[in-house]
Amino acid sequence: METIKGDWLDIGLPRALNVYKRVNAHVVMPLAYEIAAHSAILDVVRVFWGLMYYCIRQSF
């Protein structure tokens, strides 16, 4: 992250870099988008949310 921060500190962004790292990292850093949109990552997230939904439904 420090390397990315060093590379992206002064590129004329309208807001400070730490704003993008928290909510809009995919807009500023294409690597963040590629990681988040990777099919294996999405599959794991879907399974996780499916299990969470199932567990919640079973508790009622």
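Of the 60 residues in the chain, 8% are buried, where buried means under 20% relative accessible area, exposed over 50% and partly exposed in between (1.4 Å probe, protein chains only). This is a predicted model, in which local features need pLDDT of at least 70 and side-chain atom pairs count only at pLDDT 80 or more, while totals for chains, interfaces and linings use all residues. Residues are numbered from 1 along each chain as its sequence is written, and side-chain values use heavy atoms, with hydrogens and water left out.

The chain has 5 helices and 0 strands, counted as DSSP runs numbered from the N terminus (helices H or I, at least four residues; strands E, at least two).

A nonpolar surface patch of about 960 Å² includes Leu-31, Ile-41, Phe-48, Trp-49 and Phe-60; such patches are made of residues with over 30% relative accessible area and no salt bridge, with like charges joined within 9 Å and nonpolar side chains (Val, Leu, Ile, Met, Phe, Trp, Tyr) within 5 Å. A salt bridge here is a side-chain nitrogen of Lys or Arg within 4 Å of a carboxyl oxygen of Asp or Glu. Helix H4 (30–36) and helix H5 (39–59) each give two or more residues to the patch, and the largest share, 6 residues, comes from H5.

| Residue | Relative accessibility | Class |
|---|---|---|
| Phe-48 | 43% | partly exposed |
| Trp-49 | 55% | exposed |

The count comes to 1 aromatic pair. Phe-48 and Trp-49 form this edge-to-face pair, at 5.3 Å centre to centre with 70 degrees between the planes; rings of Phe, Tyr and Trp (its six-membered ring) pair if their centres lie within 6.5 Å, and planes under 30 degrees apart count as stacked, over 60 as edge-to-face and the rest as tilted.

Note on methods
Areas by Shrake-Rupley, 256 points an atom, 1.4 Å probe, with all protein chains shown as cover.
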